[in-house]
Each structure stands twice: as structure tokens, then as C-alpha cells.
Amino acid sequence: MSRIAGLWQRTVPWRWLTPSTALIVCVVGFPAVYMVWMSFLDISRIGLVRGFAGLDNYARLLKEDAFGQVAGNTLLWLVLVVGLTVLLSLALAQFLSKDFFGRKFVRLALVVPWAASLVMTATVWRFIYEGGNGLLNRLLMDLSIISAPVDWYKDPATALYSVMAVGIITSMPFTTYVLLSGLQTVPHDVLEAAKIDGASAWATWRRVTLPILRPSLMIALVLNMLHVFNAFTVIWVIMGKTAGNHADTTVTWLYKIAFTAQLDSGEAAALGVLNVAFLLLLILAFVLVLRPYRNPSATDERPAPPAAAAAPEPSAAAPWRPAPVKSRPVLARAGRGWARVRPVVLPIIGFAVALFFLAPYAAMLSGSLKTDAELFAVPADYLPRSWAWSNYADVWQRIPLADYFRVSLTVALASTALVLLVAAPAAYVLARSRFRGRTAFLGVILVTQMFPAVALLIGLYRQALFVDGINSYAVIIAINSAFNLAFAVWILHAHFSSIPVDIDEAAMMDGLGKFRILLRMILPLAAPGLVTVMIFTFIQVWNEFVIALTLFNDPPSGRVPLTVGIQQFIGLYETNYQYLFAAALMAIVPAVILFALIEKHLVSGLTTGSTK
């Protein structure tokens, strides 16, 4: 009996990890494997497997006329969007790390495009980009920058770059917060020491801040590459019904091959495999680049910047200090001048930044209050001439908006509950136990974080067909839960690890088992982390688009989520923007309020998670 009891005790970690492991294997692992198998099959347009095709799907894919253009678009999209996003976010994070009047307002303004659905954000940018009645053309013509309207997303010469601009704007908030959390790990005493030694601001940033920020910078860079590579919603909402492939990347082209233009599942699966192979190379680069920071044998825990090192003996070499900078009268006067104007200049810059990020949503509010004639007036009006508040009432009659809200709320609440139920035990056992396979499980969690659902779309669709799960609540909830599980485990693991182990030991002496310790002691102490995971997961599911568009879109049975349902206002020849914006704002405002509530906890969670 003692041997059986010992064996049962040793299996505790894996029993606690079973739900999360099962969810990952069934929802992520199987579709990935089956997508590879599909790429070697001959599949008809109606989905029947006619036999083994070998490499024919890959050969046919490479011979497509659009392949070269789409591959070039993808590379250009990846390099420009990621590069500019990281550079601009680094400058913005450095700015937001300073103390100035109105900083909280600027940070809340940055939350809006992060919390708002990409469907809604892309839709308002589509409206801004419209030809003669677009707000961007009106503004540029009023400023005498252009003399005639430009078809920003319809002209092949400007379409890809117009969508890139939206991609950068929507990617900046998350990247900025990752870098901002990294800046919070820079010790103030080290910065003060560099200042006392006479180091210039540039020298201090380059030789002190940047080395400490490097891990966060690498994480932001790689996660951005993965996010941008798999960007579907922004491109599809703006360009989806436009003919041609001049703004397609491999992700949107895959969707067209599989579901709209060619209905060729085998060729789409081949493209999906190539996409996943590229993502695996990115993950490998991520591991190789960050290996020095995760190898405890290299340094104590992670490499400290030279400025943080202390000489162990008085006779040893002196610790690193920034090179002294000789005082220059011009620089000294400039520094004194900046000190006088700084309290005024920084709030002005902050207000301009906040205005930039809030402007699209102000345009959405203005558009929601215009009549149809005002929306398509040439030239466009910035504000409505007659405020049509009735649009907010009429939209409930134009579409079954109440049903869309009900469906989205049901899926989001159920997915959030499942994520918490599965992630909490997994995060707790990972934080409290050291067992064989722990590193492997953490690696699997990392991989699922790297692969969004759109990367495995073909496999997920076929899996749903196998289990008769198209338009099924159970399937859409399981998929949303699986692809949000990694973030939940990451955040909860960081919070659980920060709780002293003494609490567990004291509770065990009182006769509590592990489950009751987690329930009664650990979860209440980790309440900020739980709230962060709950709200973040809810918003992610609430705003999800591509999986719902593909697997959960059944108007006759009333199973259409909000992000998909409101797209019926977008037609091939006409778009009812006033009703679209009214519905979008009603969906955005609650999400932004919820996200604003966890903004502080989210930054601390990213900071804690980056140091684990």
C-alpha cells in the first residue's frame, strides 16, 4: 500500500496538468498534425478525399501566379510593420516611463486600440481611407498636402502600405506595454549612479538601460513577428472583398484558397504547413536569442548589466561605471533650459499622442451620429450637421443585435470560466513542484502562445467537421480556451511563484490538502492575477473574429457572434457605416472599461512574467 501511495503522490503534478494537457493536445496538437497530413492528400472542392497526392499540392501552390506577389507582400509586411512598431513603441515606452502631468490619460488612450476589437478598429480605418468622402483625404486636402482624393485601400499602389499603417498602430499598444514593463525593472540606484558619474542621457540609456531592457526587447520583437505574420483581421476587414491579391499576405491568401476563391483544402493545407514551418523558425530564433537569459549556469540568475556588478574585494577591479563626460557650457545651458520647459512640453506631447490613438474612435463616434447622406458627402464633413441619435435605436431593428450580443457574451463567459478552471491548477503545480517533464510542459505552453488559431485554421476546420462541431458552442469555446490558456498560465504562474511557500506548509500542518490550499489560501492572495486573466481572456474571446467567421457563423439558428454579425453592414457596393459604428461603439466601450481596470495589474504581470 505504501508503494501505491508513493506512486499516487508522484503522479500529483501530472494529474493536475491533465486538463490543460488534454485541451492543448486535442485543440492545438491534433489540428496541427492533421493539417500536415492534409497537405499530402487530393481533396475535392466539396471536401472528399480522393487519394494520396504526394507533393502535388506544394507544386501547384508554388506555380500559382499570385505566389510571388503574396510572398513578397508577406516579407515586406513583416519587416516594415515589425520594425517600425518596435522602434516607435520603444520611444513611446521611454516617454511613458517619465513622470508628467496627464501620463495616466495617455496610457489609458493607448489601452483603447488594444482593448477594442480589431474588427471595429479596421472598420473605422476603412471608413477613414474611403475615396472622396474619406476623412483622411479631407484632412490632407484641407492642409493642401494633396490636391485630389486618393483611393488608399483600392489603389494597388497604396493598398498594402495603407493596411500596414493600421497594422503598426494596432500593434503598438501591446509592444509598448511589454517594453514599459521592462523599463520598470531598471534599478533607479544604477541610473542615479550613472548620473552622478557624469554620464550623458544617451550614454546612460545605451550602456545601462538598453542592456537591462534587452530581454524585454527581444520578447517584444519576436512576439510581434508572430502576431504580425498571422495578422488576418486588419487585412481582411479592409481588403477582404477587394479583387486581386495586391494586399494579401500568406494568411489571407490561405483563407481565399480554402474558403472563398478556389475551395482547395489540400493546397491551403500546404500553404498552412509552410506558414507553420516559418513560425517554427521564429520560435527557434526566440529560443536561441534568449538562451543566455534562461541559462542559470551562465550567471547567477540572469545576466546583470555591467553597472550592477559590484567588486567582491577592495583590491579587485573597480566596477563598471559610465565614462565621465566633461561638462560643456552649451550642453549645460541646454539642460537647464529643458528643465524649465519640461513640465509644459511633456504634457503637450502626451496630449498629441493620446489624440492620435483616440482620433479613429472619435471619427467612429462622429460617423455613428451622421445620416447616410452626410456619410457619403463629398467633401466629407468632420462633424454631423444634424446629430442622428436615432441610429443607436435603429441599429437594433436593422440587425438582430441583441442575439449577437447574447452569443458573444455566452462564448466569452464560458471560455473565460474554462480557462480559469484549467489554468489555475496547472500554474499552481508548476509554481510549487519540480518534476520530470516540467520544462517540457512549459515548452509546450510557450509553443501554444506562439501559434494563434489562424495558423492552424485548416486543421481546426477539418477537426470540427469530424466531430460535427461546425456552429457548435462546445467547439468554439474549446478553441478559444485553448489558445488563451498560455497567457493565463504565464500570468498565474508568476503570481503564484511570488506567494511564499511558507503559507502552503502552514496550511498542510493544519490538515489542508493541495486542492484546498489552492482554493482557500493561494487564489485569494493571487486575486489581482485572477482578475487580470479573467478580463484579458474575456476581451480576447469577445473580440475574436477569424475562427468565429469560419466555424461559428449560422444566422438561421441565431449562432453569430457580434464581430461577425455586424459585418453584414459592409456590402460590395455600399456600407452602412452609421449603423456599423453605433453597434461597434456599444461593443467597444465595455471592453475598454474592463481593460482600463486591469491596466496596472497587466503591466506588473508582464514585468513579473518577464523575470521568471
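Helix α4 (residues 67-96) and helix α8 (residues 159-183) cross at roughly 40°, and their axes come within 7 Å. That makes the pair oblique, so neither roughly parallel (under 35 degrees), roughly antiparallel (over 145) nor roughly perpendicular (65 to 115). This is a predicted model, where local features need pLDDT of at least 70 and side-chain atom pairs count only at 80 or more, while totals for chains, interfaces and linings use all residues. Residues are numbered from 1 along each chain as its sequence is written, and side-chain values use heavy atoms, leaving out hydrogens and water.

**α4 and its surroundings**
- α4 and α8 make a right-handed crossing (the near helix is turned clockwise from the far one by less than a right angle).
- Sorted by class, the α4–α8 contact holds 20 nonpolar residues, eight polar ones and no charged ones (nonpolar is Ala, Val, Leu, Ile, Met, Phe, Trp, Tyr, Cys and Pro; charged is Asp, Glu, Lys and Arg; polar is the others, Gly among them).
- A nonpolar surface patch is built from Leu75, Leu76, Val79, Leu80, Leu84, Leu87, Leu88 and Tyr161, with about 730 Å² of accessible area together.
- To join such a patch, a residue needs over 30% relative accessible area and no salt bridge, with nonpolar side chains linked within 5 Å; areas use the Shrake-Rupley method with a 1.4 Å probe, and a salt bridge puts a Lys or Arg side-chain nitrogen within 4 Å of an Asp or Glu carboxyl oxygen.
- α4 supplies the largest share of that patch, seven residues, and Leu84 sits in α4.

**Other helix pairs**
- Helix α17 (residues 401-432) and helix α21 (residues 485-497) cross at roughly 45°, with axes that come within 8 Å; their crossing is right-handed.
- Helix α9 (residues 188-196) packs on helix α10 (residues 201-229) at about 150°, axes 11 Å apart, so the two are roughly antiparallel.

**How helices are defined**
- Helices are DSSP runs (H or I, at least four residues), numbered from the N terminus.
- Axes are lines fitted to C-alpha atoms over the stretch in contact, and angles run from 0 to 180 degrees between N-to-C directions.

Note on methods. Patch = residues over 30% accessible without salt bridge, like charges linked within 9 Å, V, L, I, M, F, W, Y side chains within 5 Å.
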